[in-house]
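These are my notebook entries on one protein chain.

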Amino acid sequence: MIVGYVRVSTDKQAELGYSIEAQKSNILRYIKLMNVNNENEIKYIVDDGYSGTNMNRPGLQQLFTLIETHCVKLIVSMDMSRLSRNIVDINKIIKLLNDRKIKLECVNDDVDTLSPTGMLVTNVRTASYTFETEKIRERTNYGLIQKADQGEYPCGGKMPFGYIKNNEHKVELNPLQAEIIEKIFNQVIKRIPIKEICVTLNNEYSDLKMTLTKLRVIIHHDIYSGRFEFKGKTYDDIVPAIVSIKTQEDAKLLVRKHIYKKDNEYIFEGILQCEKCGSFLTSVSAYGRNKNKYYYYSCGKCKRQIGEKAIDKILNSIGMEIAVDDRRIKNIENRYHLLRSKVGNIKDMYEAGAIDVDEYLNAIRPLMPDLNKYEALRGLIVYDELIEQYSLIEHIQKKTFVQENFSIIKINLAQKIITKIIQS
Ligand SMILES: [Zn+2]
C-alpha cells in the first residue's frame, strides 16, 4: 500500500496552495512519476485542521497503525513539515520507517530516509522547519491565533485606551483610563449628548485630548464589553470588560439616535475652545426680555461667555472677506501631507522597534516646526471654503454642517474673535 499523507493546519489562510485537494493531486502526480508498481493501492490519510508541532493527530496515529500491520510500502507527502514540524518527532518517525524498511518521499524535498546522508539532510531540514515554526509563531496569523486561543492579546503596538499588557502578554485594566471609559458609557446611557461628554472630559482631564471621533470609536469598540474580535473570531476571555454588553449595545443605539437630535440648538456645541485657558465652552441657554431663547457658550474658568449669534456673525463675515487662492492652498496641503507622512513613518519605525527613542526624537525634531507651521496655515486657509459654505446655508442646517465639518473652533472671548479652526 502507498499512503499519501495530507495535513492542513488550523490556519488555512497561511497555507495557500496547500489545500487538501491540492496536496492529494500533487501526491498522485508524484506517485505516477515515480513509476511505482501500479498494483499498489493508494490510500490517502488526511489530518484536517491539525498543527504539525505534535503527533496528536488522528491521521498520523492511523498511519502508525497501518505501519504496524506491515502493509505500507511507501509514504508520500508534500514535504517533511506535513508529517511534523518538530525535530524530535521527525526523528522518531524516520526511525520507525527505517526499522520497517518503509520509504518516505516528499513532493517538495528530496528526502531519502533509507540512507544516512538522507537522514542528515532530513534532520537539517527539520531543524530549519522548527526554527521557521518559531518565527511563524511570532509573526504570522497562525501564531497569533494560537496566542489568542491561549487567552493572550495577540496584537502588537499600542494597547487600546483603557488597557495595558502585563509581562505574560495578558491584558489588564489601566485603572484611570478604564474609569474614563466607564464614565463615558454611563453618561451616554443617561442620554447626555456626546459633545457635552467630550467637553466635560477634556475639562476634567487636561491631558486627555478627547475628540468626538475618538468618543464614537470608543462607544462602538466591542472590546469595552470584553468582546475581542480577532481574525474572524470573537474572544471573551482575552480582554476584561469595562461595561456590560447590554450597556454597550444601548450606548451604540443612543449615540446613533442623538447625534443630531436637537437640530437647531447649540450649533457649536462641544467644539468651541477658550483660547486663553484651553477649556471647552459649555452650552447655556437663557430667556430674553421678549421670551425669546438665547444660546450662549461659556468658559467656566475665565467666567466669560459669547452668544451663538455673535459667533454666527463672525463666521459669516469671514466667509465674505476671504478670497481663496487655489494654488496656494494646494501647495500648503501638499507640504503638510508630506510632512505628516514623514513623521508618521518615523513613528511607525519607532513603534516597530526599528529605531530607539533617541533616534526617533532626532529624526522627528527638525520636522516639527515645519509641520506645526503648515498645520497652522492649513487651519487658516483650507476652511475658507467651508466658512464660505457656512455663510450661505440656511440657519436650520447650520448645526449639522458645523458638527460635521469642524472639530475645534478656538475663540478669544475677550476680543470676541475666532483665532483658529480645526477641521473634523
Ligand atoms: Zn477660558
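**Entry 1: the four-stranded sheet.** I looked up the open sheet whose four strands stand in the order β2-β1-β3-β4, with parallel pairing. Helices (H or I, at least four residues) and strands (E, at least two) are DSSP runs, numbered from the N terminus. Two strands count as paired if DSSP finds at least two bridges between them. I noted as background that strands of a sheet pair through backbone hydrogen bonds, either parallel or antiparallel. At the edges I found β2 (42-48) and β4 (103-106), each of which pairs on one side only. Neighbouring strands of this sheet are turned by 20° against each other on average, direction ignored.

Gly4 has Tyr44 as its bridge partner in β2. Helix α2 (residues 58-68) packs on the sheet and touches β1 and β2, and its direction makes about 145° with that of β2. For such angles, axes are lines fitted to C-alpha atoms, for helices over the stretch in contact, and angles run from 0 to 180 degrees between N-to-C directions.

**Entry 2: the model itself.** I record that this is a predicted model, in which local features need pLDDT of at least 70 and side-chain atom pairs count only at pLDDT 80 or more, while totals for chains, interfaces and linings use all residues. Residues are numbered from 1 along each chain as its sequence is written. pLDDT is the predictor's confidence in each residue, from 0 to 100. The mean pLDDT of the protein chain is 78, and 79% of its residues reach 70 or more. Over residues 258-263 the pLDDT is below 50, and this stretch has eight contacts in the model beyond near neighbours in sequence. Two residues are in contact if their C-beta atoms, placed from the backbone, lie within 7 Å. Residues 319-325 also stay under 50 in pLDDT, and the model has nine contacts for them beyond four places in sequence.

**Entry 3: the whole chain.** I found 16 helices and 14 strands in the protein chain. Of its 424 residues, 22% count as buried. A residue is buried if 20 or more other C-beta atoms lie within 10 Å of its own, exposed if 12 or fewer, and partly exposed in between, with C-beta atoms placed from the backbone. Among contacts between residues at least 6 apart in sequence, 61% join residues at least 24 apart.

**Entry 4: Met55.** I located Met55 in the loop between β2 and α2. Leaving aside neighbours within four places in sequence, Met55 is in contact with Leu60 and Asp89. Met55 and Asp89 are 34 residues apart in sequence, and their C-alpha atoms are 7.3 Å apart in space.

**Entry 5: two helices in contact.** I examined helix α7 (residues 175-189) and helix α8 (residues 194-204), which pack at an angle of about 150° with their axes 10 Å apart. On the side of α7, Ile180, Ile184, Gln187 and Val188 make the contact, and on the side of α8, Ile194, Ile197 and Leu201. By class, this contact has six nonpolar, one polar and no charged residues. Ala, Val, Leu, Ile, Met, Phe, Trp, Tyr, Cys and Pro count as nonpolar, Asp, Glu, Lys and Arg as charged, and the others, Gly among them, as polar.

Entry 6: Ser206 lies in the loop between α8 and α9 (212-220). Ser206 counts as exposed because it has 9 C-beta neighbours inside 10 Å. From Ser206 to Ser279 there are 73 residues in sequence and 8.6 Å in space, C-alpha to C-alpha.

**Entry 7: the three-stranded sheet.** I turned to an open sheet of three strands, in the order β9-β13-β14, with mixed pairing. Here β9 (272-274) and β14 (417-423) stand at the edges with a single partner strand each, so one side of each is left without a neighbour in the sheet. The twist averages 25° from one strand to the next. β9 and strand β13 (residues 406-412) run parallel and are joined by three bridges. β13 and β14 run antiparallel and are joined by six bridges. β13 and β14 form a hairpin with four residues between them, and Lys416 in the turn has a positive phi of about 55°.
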